[in-house]
Amino acid sequence: MDTKAFKRSLHKSGNYHRKGFGHETEVMGTMNTEYQSSLIQQIRENNYQWQEGNVTIKLAESFGFCWGVERAVAMAYETRQHFPQEKIWITNEIIHNPSVNQRLLEMNVGFIQVINGSKDFSVVNTGDVVILPAFGASVTEMKLLNDRNCVIVDTTCPWVSKVWSSVERHKKKEYTSIIHGKYRHEETVATSSFAGTYLVVLNLKEAQYVCDYIVHGGDKEEFLDKFKNAHSEGFDPDKDLVKLGVANQTTMLKSETEQIGKLFESTLLKKYGPTQLNQHFMSFNTICDATQERQDAMLNLVEEDVNLMVVIGGFNSSNTTHLQEISIERGIPSYHIDSDQRILQGNKIEHKPLEKVIETQENWLPEGQIIVGVTSGASTPDKIVEAVIERIFEEKNAMVLV
């Protein structure tokens, strides 16, 4: 399919909306009430530090709702206000935050369910209103909704759309798109649908495996098994790793995306030489500004004198997980939680270690004076951060009283 032509056609449709419905002022007032925090604003104004009793909180200087997320949530609120009686669906979670998604459910906005690994669009009727989330939707999904004459409200983050444009340029010049991301993640699923030939690599280790194959060759069947479900149909590593373009899932770790890009560039330079490099390698900067800012702020925070770190965000939030990785790499005790309810009485916390299931940690708050670093992913409202900080104060105060 000519995805570029399809997008142009879709954008001209009277059923397609991506600029809201004129209710911005009222909606922002509602969102400020529901998601903003006076305490967090005070902490920002106090050089990102706050002390109560023997607990000092140090906030990262960039955290929480990014512009793209705030825009997506606001458009979802606007959509419900503009279509008060119509059935409204979202093709997935609007963002990866349980409290925000729960609020939309309370507003009678439905979420397309995944059954046996596939989304069940049978519930969507002709003329229904359907919201595309911040991380986008696949071309197949958009075509299905367009063919069903649905009203489409597109909240896709412009940074995600920028990546789509990059892989379309790869496709036009018959380059294979190397996508740094998680092949099951909704954003990468959407991005790969705009690509031609593509291969998704999760990390630097997988990228190195691919580069070794480019230089030395290898077992094709082993290669295809290793990247099963992570490549385009009919992918052939012996033919499709000659001309490469690099793109990424916008929420991946910035430093790793840059390393992967440089690795492929140096590999193709080694194989084809400097005079032929431009005929074999393309690269565009598709790292999201907001993701980069939060990661840079976390890198600064882990250099501070902190006893432990609390990272707040949905457990399925990729950008939150990468913030957690930064803390773990520095050897700082770190707890990834999705809400204040994970902080239990008796100095216990339910948290999700990297690549593990949720577990309970006892005695997670040390005795005496402590400094706690706090950050949150791009889908986490300030209200949630405030609630977590208040629970930390409560639990630490309870320890003193015992």
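Modeller: One definition first: helices (H or I, at least four residues) and strands (E, at least two) are DSSP runs, numbered from the N terminus. Note also that this is a predicted model.

Colleague: Where does His185 lie?

Modeller: His185 is one of the residues under the UniProt annotation "binding site", from an unreviewed entry. With the strands and helices numbered as above, His185 falls in the loop between strand 10 and helix 8.

Colleague: Is His185 buried or exposed?

Modeller: Buried means under 20% relative accessible area. His185 has 10% relative accessibility, so His185 counts as buried.

Colleague: Which residues does His185 touch, not counting residues up to four places away in sequence?

Modeller: Contact here means heavy atoms within 4.5 Å. With the sequence neighbours set aside, the residues touched by His185 are His96, Gln249 and Ser318.

Colleague: What is the strand order of the open sheet of four strands?

Modeller: The edge strands are strand 11 (198–201) and strand 13 (281–283), each pairing on one side only. Strand 10 (residues 176–180) and strand 12 (residues 244–248) pair in the parallel sense over five bridges. The sheet has parallel pairing, and its order is 11-10-12-13.

Colleague: Which residue in strand 12 is the bridge partner of Ser177?

Modeller: Strand 10, residues 176–180, pairs with strand 12, residues 244–248. The partner of Ser177 in strand 12 is Gly245.

Colleague: What angle does the direction of helix 8 make with that of strand 10?

Modeller: Helix 8 (residues 186–194) packs on the sheet and touches strand 10, strand 11 and strand 12. The angle between its direction and that of strand 10 is about 170°.

Colleague: At what angle to strand 12 does helix 11 run?

Modeller: Helix 11 (residues 254–272) lies across strand 10, strand 11, strand 12 and strand 13. Relative to strand 12, helix 11 runs at about 175°.

Colleague: A polar contact joins the side chains of His96 and which residue?

Modeller: His96 sits in the loop between strand 4 (88–90) and helix 5 (98–106), and at 7% relative accessibility His96 counts as buried. Leaving aside neighbours within four places in sequence, its contacts include Phe135, His185, Ser317 and Ser379. The polar contact is 3.5 Å, and the partner of His96 is Glu186.

Colleague: What is the relative accessible area of Ser317?

Modeller: Ser317 has its place in the loop between strand 14 (308–312) and helix 13 (318–329). A polar contact of 3.2 Å joins its side chain to that of Asn319. Buried means under 20% relative accessible area. Ser317 is therefore buried, with a relative accessible area of 1%.

Colleague: A polar contact of 3.3 Å joins the side chains of Ser318 and which residue?

Modeller: Ser318 is found in helix 13 and is buried, with a relative accessible area of 2%. Beyond its neighbours within four places in sequence, Ser318 is in contact with Lys182, His185, Gln249, Thr251 and Met252. The residue whose side chain makes the 3.3 Å polar contact with that of Ser318 is Thr251.

Note on methods
Residues are numbered from 1 along each chain as its sequence is written. This is a predicted model: local features need pLDDT of at least 70, side-chain atom pairs count only at pLDDT 80 or more; totals for chains, interfaces and linings use all residues. Side-chain values use heavy atoms; hydrogens and water are left out. Two strands pair if DSSP finds at least two bridges between them. Axes are lines fitted to C-alpha atoms, for helices over the stretch in contact, and angles run from 0 to 180 degrees between N-to-C directions. UniProt positions are given in the numbering used here, feature names are shortened, and annotations may be inferred rather than shown by experiment. Buried means under 20% relative accessible area, exposed over 50%, partly exposed in between (1.4 Å probe, protein chains only). A polar contact is a pair of N or O atoms within 3.5 Å; within protein, one must be able to donate a hydrogen and the other to accept it, and residues adjacent in sequence count only if both atoms are side-chain atoms.
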